Amino acid sequence: MAAVVAAAVVVDVEATKQPVIEVRDLTKVYRMGDHEVRALRGVSLQILPGEFVAVTGPSGSGKSTFMHIAGCLDRPTSGQYLLDGRDVSKVSKDDLARVRNEKIGFVFQGFNLLTRTTALDNVELPLLYRTKNGFRTAERHKRAMAALGAVGLQERHHHMPNQLSGGQQQRVAIARSLINEPSIILADEPTGNLDTRTSIEVMGIFQRLNRERGITVILITHELDIAEYGTRRIRFRDGRIVADMQVVHRRNADDELAALPPPEPDLIVHPETAAPEPAHH
Ligand code: ADP
């Protein structure tokens with residue numbers, strides 16, 4: 001009897017969790033001259049804190065449009081978007097930017113690092129955009145070093161992006177996404193430019209951040225095996241959600257890496273011998 005009561009209590013707590021993201025009947029219409037593209041045609045969805053959601057679907061199905069709205073980079077044409085319970089579908093652009101900076105970290109396929117800037121400075125960059133509660137230099141360095149530590153790259157802090165491998169550059173980008181301690185990370189094809197082993201390493205970092213810090217991860221991918229690192233998979237087609245399911249046999253990146261043979265030595269980039277940055281004219 002006691003066990004039944006305990007189980008009922010657990011279910012109740014789950015049911016009262018407030019969604020971190022809730023969208024209701026979201027539409028997005030792009031106008032191109034006299035021509036309209038209906039990129040989202042009524043998307044409704046709830047994402048709870050701590051979920052790891054993989055968004056899949058063919059090219060042109062509306063994934064990026066959805067991510068731009070979820071990431072407060074754009075506003076919907078109609079419908080509601082509640083972020084942590086607050087309706088942000090109609091707030092001003094400035095407020096949207098503030099909310100975005102506070103709550104959301106972004107990771108992109110192409111890393112988007114500044115090329116003539118050290119790893120440390122790249123990671124610190126979002127702190128420079130803070131208008132309120134800005135940090136002094138020493139505090140910025142400390143935070144950026146901690147973020148680099150979270151992705152295992154502290155000792156590479158003074159390296160330029162071209163002295164780092166693709167996987168290391170993506171890890172710097174993940175460190176940058178963590179700098180404002182976001183509750184959500186949005187990643188758009190983060191393994192699209194990486195080989196298999198490096199992709200698993202990057203997915204391992206996302207799984208760890210999700211597990212240990214409770215960060216909600218939402219990741220766009222067209223690769224089904226990458227989607228299996230998540231807890232849930234949502235599929236878009238023609239601007240609508242056509243499937244929404246829990247991942248049954250979830251992959252565990254750390255286990256897979258432990259089972260792989262060690263990387264071949266010629267695949268390891270030695271920053272000391274990497275080509276120097278071309279001179280700036
Ligand atoms: P996906 O990320 O799944 O490839 P998108 O969200 O990028 O899909 O695109 C959905 C539809 O909206 C496509 O038909 C695309 O051409 C169109 N679209 C996306 N962004 C714009 C834009 N800025 N202006 C006009 N049309 C756009």
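Student: Which residues is Arg251 in contact with, leaving aside its neighbours within four places in sequence?
Tutor: This is a predicted model. In it, with those neighbours set aside, Arg251 is in contact with Glu228, Tyr229 and Glu256.

Student: And where does Arg251 lie?
Tutor: Arg251 is in the loop between β10 (240-246) and α9 (253-259). The C-alpha atoms of Arg251 and Gly204 are 9.8 Å apart, although 47 residues separate the two in sequence.

Student: Is Arg251 buried, exposed or partly exposed, and why?
Tutor: There are 16 other C-beta atoms within 10 Å of Arg251.

Student: Let us turn to the ligand. Which residues are around the ligand?
Tutor: The residues around the ligand are Tyr30, Met32, Val37, Ala39, Gly57, Ser59, Gly60, Ser61, Gly62, Lys63, Ser64 and Thr65. The elements giving two or more residues to this shell are β1 (21-32), β2 (35-47) and α2 (63-70).

Student: Which element gives the largest share of the shell?
Tutor: That is α2, with three residues. By type, the shell around the ligand divides into four nonpolar residues, seven polar and one charged.

Student: Which residues of α2 are buried?
Tutor: Lys63, Thr65, Phe66, Ile69 and Ala70 are the buried residues of α2. They fall within an arc of 165° seen down the helix axis, so they line one face of α2. After α2 comes Cys72, which has a positive phi, near 60°.

Student: What sheet do β1 and β2 belong to?
Tutor: They belong to an open sheet of four strands with antiparallel pairing, in the order β2-β1-β4-β5. β2 and β5 (86-87) each have a single partner strand, so one side of each lacks a neighbour in the sheet.

Student: How many bridges are there between β1 and β4?
Tutor: Five bridges join β1 and strand β4 (residues 78-83) in the antiparallel sense. Within that pair, Tyr81 of β4 is the bridge partner of Val23.

Student: What about β6, with which strand does β6 pair?
Tutor: β6 pairs with strand β7 (residues 184-188) in the parallel sense, over five bridges. Ile104 stands opposite Ile184 in β7. Strand β6 (residues 104-108) has four of its five residues buried, so the rest of the structure largely encloses it.

Student: Now the core. Which residues touch the most other members of the largest nonpolar core?
Tutor: That core has 60 residues, and those touching the most other members are Val55, Val123, Leu148, Ala175 and Ile218. Helix α7 (residues 196-213) gives the most to it, with six residues. As a general point, nonpolar side chains tend to be buried together in soluble globular proteins.

Student: What does Ala175 touch?
Tutor: Not counting residues up to four places away in sequence, Ala175 touches Val123, Ala147, Leu148, Ala150, Val151 and Leu153.

Student: Finally, how many helices and strands are in the chain?
Tutor: The chain has nine helices and 10 strands. Of its 281 residues, 35% are buried. Among contacts with a separation of 6 or more, 71% are between residues 24 or more positions apart.

Note on methods: Residues numbered from 1 in each chain as written. Predicted model: local features only at pLDDT ≥ 70, side-chain atom pairs only at ≥ 80, totals over all residues. Buried ≥ 20, exposed ≤ 12 C-beta atoms within 10 Å, placed from the backbone. Contact = placed C-beta atoms within 7 Å. Near = placed C-beta within 6 Å. Nonpolar A, V, L, I, M, F, W, Y, C, P; charged D, E, K, R; others polar. Pairing = 2+ DSSP bridges. Arc of directions from axis to C-beta. Core = buried A, V, L, I, M, F, W, Y, C linked by C-beta atoms within 7 Å.
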